[in-house]
Structure formats: structure tokens, C-alpha cells
Amino acid sequence: MKKALITGITGQDGSFLAELLLEKGYQVFGFARRESWYRQNCASHLNQRIEVLFGDMSEGVDIASAIQDAKPDEIYNLASQSRPGESWVRSAETLLVNGLGTIRLFEAIRHHCPDSRVYHASSSEMFGQATSATQNEQTPFNPVNPYAAAKVYAHQMTKIYRESYGLFIASGILFNHESERRPLHFVTQKIAYGAACAALQITDSPDLNEMGRPIVENGRLALGNLNIARDWGYAGDFVRSMWMMLQADTPDDYVVGTGKIHTLKDLCDFAYQSVDKDWRESVVSDAALVRPLESGQTLADPTKVRLKLGWEPAICFEEMVEKMVHAQIQRLKTIPIKTC
Ligand code: NAP
């Protein structure tokens, strides 16, 4: 039986990946912060099926112990301070976890488990203010926030460790991927939540935003720049690409995305339409929520991952948005709420 270790097991991708690997017959180890594991998280339902090794990505000793205990055949490094917007106020922590944490992981692998195959989670945010219409593995990086800068550092180190020490480290430059498991502080999930509130006629939502206000207040969902455009796919599809990268003969970098672009306005449109509502009646753009410097329009050119690995997304944008709205409706139905 193959053994896999997933850092970031409590997150969206970690939980989908764990499900996929369990289906494939792997023994799955998750690396998680103790306090995160004992509260509700994306992988709580897998509690009895995986083995959790506790630790923090900012502690080299924790990482080395996990590698030594699990002795995994495959390692998926998904742990990260994963919110680009939040990285402005947590820039040092972002570098510590996303940058140095990755190096500590590679060092532990080099010393204790050099034959294991490693997937590292890079990000399309690394392209930042890209000048080309689409981005592939050759597109230069131009990060515009601390999250993206830390990801560029870690990405470069994957190449350095691969080439200098001969480690099998594959890097997935993943474009945005969402799901019903996205935390509520991500804008996509806020929109799904806003649409669910509209469907259930909730004018003041039970869940709060970063400013401690209801996400939906007086029937209004306040968002930042609605014109930003992204390539959004479904997380369940994207974790499949991670596994495929580690089954290849040689380690490589792959851009993973759908190759289709949508604006936040499109997302609002689909989400509210799916519950027969008009987003223009609920969603407002608030200048206070616009990021200091927004990444530009990014669109994946996924030719390489399609041709070399045969990866294709199975769930389209519309289906993904509907899944998210439906999940929020089901969740809100279980919470006592004030309706108009
Ligand atoms: P996520 O849901 O936010 O999960 C992040 C995970 O990292 C959580 O399990 C979190 O644990 C863990 N983590 C954070 N700080 C940690 C620390 N100091 N020590 C140990 N664990 C820590 O993110 P995701 O969407 O699954 O993304 C997975 C990876 O892909 C991330 O590296 C992200 O940057 C990258 N990525 C994501 C996207 C996307 O659109 N989803 C796109 C490109 C790249 P806690 O529960 O303890 O916080």
C-alpha cells in the first residue's frame, strides 16, 4: 500500500485530495496544527480514515518528525497562508509558512526521505500583473502581493532542489479553484452565500465578514472590485492533476486551469440566477474592500497538463457555482436566522 503525506489537510484541497487518495487505496497521513484538527475543518469527515501528525509549517522540527514518522512515498505540500488579500496584513507569517516552511519541508525530505515524490502547490498569483493574454509554464512571474512573492520564492526553490539534489518535486501552478468547501472569507464563497441568503430571504446574515459585520447586511452584499477576471475551476478536478503529476516519469512544472475566463460580475450573475434572483438588487461594490494592488487578468494556457498528463476538468464554471450556492442554502437552513 502506498503512503501519502498531505500538508494542509484541513483545507479545501487537502480534504479533496485525501478523499481521492483513499479511493485509490493509499494510506493517508495529514499534517495539521493541533488546534485546527480539533475544530470543524474540511477533512473532519475523514477523521477515522486518515492518520494525523500534528505540527506547524513554521517549525522545522515538526515537519522533520512528520516525514520520519510517515516515511511517505508521496508528499503533497498544500499548507499555506492561502489568502492573498490577508497577506498584506500578515506578510511575515506568509513568508514564514509559504516560503521558509517549504524549504524546511524540502530539507527534511532531502535528509530523511529522498526517494519520495513531492507535489508543491504554486499559484497563478505568481503571474500577478501579467502582460500576456494567457499564461503558461514559460510566462515570467510578476507578483504583486506578499502571498504571490512568497509563492515565487518557494516555486524557484522547487526547481533548485530538483536540479541540485535530484529530488522528484513537481510543481502545480494552479489557477483559482473553488468548491463548497471554500471558507467564507473568499469572495467566491461570499457570492454563493449572498445568493443563498437572497434565496432564503435572509437580510442580515448570521455569518460575519472581516470587519465583524454580517456578510449580508440590510439585504446587501458588499464586495471589492467586481471587474476582476479569473480562470476559476473546481477543486475536486484540480487535486486530480496533483496526483497525476506524481505518476509521471519525471518531475516537472505544470500550469493547471480551465482556459476559460469569467469576471466576478459573471459569478454574481450565475449565482443569483441559479436561485432566480437578480444580483444587481443585492451586490454593491465598496471601495474600502478593494485591494491595494490587484493582480491583473490571468487566464491559464493548460496545453502542457492536457497533452503530457491527459488532465481535463470535469465540472464547468456554472455547475461549480450552483454547487456552492446549493451547499450554502443547505447550511443556512440548519442555522437559526432572522428573515425579512
Ligand atoms: P486552504 O483551504 O486555505 O488550506 C490551507 C491549509 O494550510 C490549511 O489546512 C491550513 O491549516 C494550512 N496551514 C496554514 N498555515 C499553516 C501552518 N503554519 N502550519 C500548518 N498548516 C498550515 O487552501 P487551499 O485552497 O486548500 O489551497 C491549497 C494550496 O494550494 C495552498 O498552498 C494554496 O496557496 C494553493 N493554491 C490554492 C489555490 C486555490 O484557488 N484554492 C490556487 C493556487 C494555489 P489551518 O486549518 O490550521 O489554517
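Mentor: Asp-207 and Arg-331 form a salt bridge, with the closest N and O atoms 2.8 Å apart. Asp-207 lies in the loop between strand S8 (202-204) and strand S9 (216-217), and Arg-331 in helix H10 (residues 317-333), so the pair ties together parts that are 124 residues apart in sequence. A salt bridge is taken as a side-chain nitrogen of Lys or Arg within 4 Å of a carboxyl oxygen of Asp or Glu. Helices (H or I, at least four residues) and strands (E, at least two) are DSSP runs, numbered from the N terminus.

Trainee: What should I know about the source of these values?

Mentor: This is a predicted model, in which local features need pLDDT of at least 70 and side-chain atom pairs count only at pLDDT 80 or more, whereas totals for chains, interfaces and linings use all residues. Residues are numbered from 1 along each chain as its sequence is written, and side-chain values use heavy atoms, with hydrogens and water left out.

Trainee: Asp-207 first, then: buried or exposed?

Mentor: Asp-207 is buried, its relative accessible area being 18%. Arg-331 is partly exposed, at 31%. Buried means under 20% relative accessible area, exposed over 50%, and partly exposed in between (1.4 Å probe, protein chains only).

Trainee: How many salt bridges are there by this rule?

Mentor: The count comes to 18 salt bridges. One of them joins the side chains of Arg-83 and Glu-86, at 3.4 Å from N to O. Arg-83 counts as buried at 18% relative accessibility, and Glu-86 is partly exposed at 21%.

Trainee: And what about Arg-240 and Asp-237?

Mentor: Their side chains meet in a salt bridge of 2.8 Å, N to O. Arg-240 and Asp-237 are three residues apart in helix H7 (residues 235-247), which means that about one helical turn separates them. Arg-240 is partly exposed, with a relative accessible area of 25%, while Asp-237 is buried at 5%.

Trainee: Which residues are joined into one network?

Mentor: Arg-83, Glu-86, Arg-90, Glu-93, Lys-190 and Glu-210 are linked by salt bridges that share partners.

Trainee: Turning to Glu-312, where is it found?

Mentor: Glu-312 is in the loop between H9 and H10. Glu-312 is partly exposed, with a relative accessible area of 43%. Apart from neighbours within four places in sequence, Glu-312 is in contact (heavy atoms within 4.5 Å) with Arg-240 and Arg-306. The C-alpha atoms of Glu-312 and Gly-257 are separated by 9.0 Å, and these residues are 55 residues apart along the chain.

Trainee: Now the strands. Why is S5 described as largely enclosed?

Mentor: Six of the seven residues of strand S5 (residues 117-123) are buried, so S5 is largely enclosed by the rest of the structure.

Trainee: Which strands does S5 pair with?

Mentor: Strand S4 (residues 74-77) runs parallel to S5 and is joined to S5 by four bridges. S5 also pairs in the parallel sense with strand S6 (residues 168-174), over seven bridges. Two strands count as paired if DSSP finds at least two bridges between them. Val-118 of S5 is the bridge partner of Ile-75, and Val-118 also stands opposite Ile-169 in S6.

Trainee: What units do the helices make with these strands?

Mentor: S4, helix H4 (residues 91-112) and S5 make a right-handed β-α-β unit. Another right-handed β-α-β unit is made by S5, helix H5 (residues 146-165) and S6. A crossover is right-handed if, with the strands pointing away from the viewer, the path from the first strand over the helix to the second runs clockwise.

Trainee: What kink is there in H4?

Mentor: H4 has a kink of about 35°, centred on Gly-101. The bend at a residue is the angle between axes fitted to the seven residues ending there and the seven starting there. Gly-101 is among the buried residues of H4, which also include Val-97, Leu-105 and Phe-106. The buried residues of H4 pack against helix H3 (60-70), S4, S5, H5 and S6.

Trainee: Last, where is Thr-298?

Mentor: Thr-298 is in the loop between strand S15 (283-285) and helix H9 (303-309). Thr-298 is buried, with a relative accessible area of 4%. Beyond neighbours within four places in sequence, the contacts of Thr-298 include Ser-124, Phe-127, Phe-175 and Asp-231.
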